[in-house]
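I opened these notes to record what I looked up in the structure shown below. The entries are kept in the order in which I made them.

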Amino acid sequence: MSFDLNTKEFVIIGPCSLESWEQMAPIAQLADKYQVPYLRTPLFKPRTHPDSFQGLGAEGLNILKQIRTNYPDLKFVAEVGSLEQLLIVRESVEMIQIGARNMQNFELLKSIGQNYQNQFVMLKRGWGNNLKEWLASAQYLVNYGVDAKKIILCERGTRNACAPAQVTLDFALALKAKQMSHFHVIIDPSHGTSDRSMVLPMAEVATALNFDGLMIECHPYPNESYSDAHQALGLEELEIFLGQNLMLRQTAAYDETAPQLKIINKNFDDFDNRHA
Ligand code: PEP
Ligand code: MN
């Protein structure tokens, strides 16, 4: 079965961590070929262990410039964990990612609100956070100045000891987030399965459920990835998926007739009453 990703505004592909121009060039070329609008370009990596690769940091900005020169149509997404990191990448990327670990870092949410108002901000759901907490964190961004139309919620799975790789992608929760807010909602089947063999099947489910996009990790040599090698897709495999699902297309415009973006307070309160 194939699904038409034509109308999906927020399809993002790229590596877990930006490592080198040699790593990025074939990924950028693939994105460009299929008009995938966004490329993951993570310069700062939050890692569980301090000895693990932490990202190239500011040194990677030159690689971003090189990609920009060669592929001017691609837009970049990078995670930040502090105001300092935001100020380093702010002028070089079109979308800032707030990772699962920082979903409730309220001071970070405030400083992103104050310093990155008119650009896209992706807010990943913490793996132990519920819908109410997720929407409330998005509301921090709105209250501190981010244009609500530019907020993208990203479902990346919940910790679950029973699940393969201890993570369960929660489509129902993500669908509820769409019902209860006017934020864009996308699915990350890479962190949401933590298993290369599960990424594309879950991506197809996400597409069938009509989410606003996908974020998929890939690498030209997946097993050599500096981080998250177990879930990185090879480019040949990803190309088949893109060829089947992502027709060459124009980026869909946001529906300006949608009600003003703000959590629907009444629903939010009802939800609170039912589940508090
Ligand atoms: C990521 O997308 O690079 C990442 C670290 O994911 P998460 O915050 O969902 O763990
Ligand atoms: Mn990763």
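The entries that follow concern a ligand, its surroundings and a pocket.

Entry on the model. I noted at the outset that this is a predicted model.

Entry on the neighbours. I looked up which residues surround ligand 1.

Entry on the side-chain distances. I checked how far oxygen atoms of ligand 1 lie from N or O atoms in side chains. For R156 I found a distance of 2.6 Å between an oxygen atom of the ligand and a side-chain N or O atom. The corresponding value for R101 is 3.1 Å, and for H191 I wrote down 3.5 Å. I next looked up the cover: ligand 1 has 290 Å² of accessible area on its own, and the protein covers 96% of this area.

Entry on the pocket. Which pocket does the space taken by ligand 1 correspond to? I found that this space is the largest pocket. I recorded a volume of about 490 Å³ for the largest pocket. The lining comprises 26 residues, and those closest to the centre are R101, W127, R156, H191 and D228. By class, I noted nine charged, 11 polar and six nonpolar residues in the lining.

Note on methods. Residues numbered from 1 in each chain as written. Chains lettered and ligands numbered in written order. Predicted model: local features only at pLDDT ≥ 70, side-chain atom pairs only at ≥ 80, totals over all residues. Heavy atoms only, no water. Near = heavy atom within 4 Å. Polar contact = N/O pair within 3.5 Å; in protein donor to acceptor, adjacent residues only side chain to side chain. Areas by Shrake-Rupley, 256 points an atom, 1.4 Å probe, with all protein chains shown as cover. 1 Å grid on protein atoms, 1.4 Å probe; cavity = no way out; pocket = protein on both sides within 12 Å on 5 of 7 lines; lining within 4 Å. Sits in = over half its atoms within 2 Å of the grid points. Points joined across faces, edges and corners; volume = space filled by probe spheres on them. Nonpolar A, V, L, I, M, F, W, Y, C, P; charged D, E, K, R; others polar.
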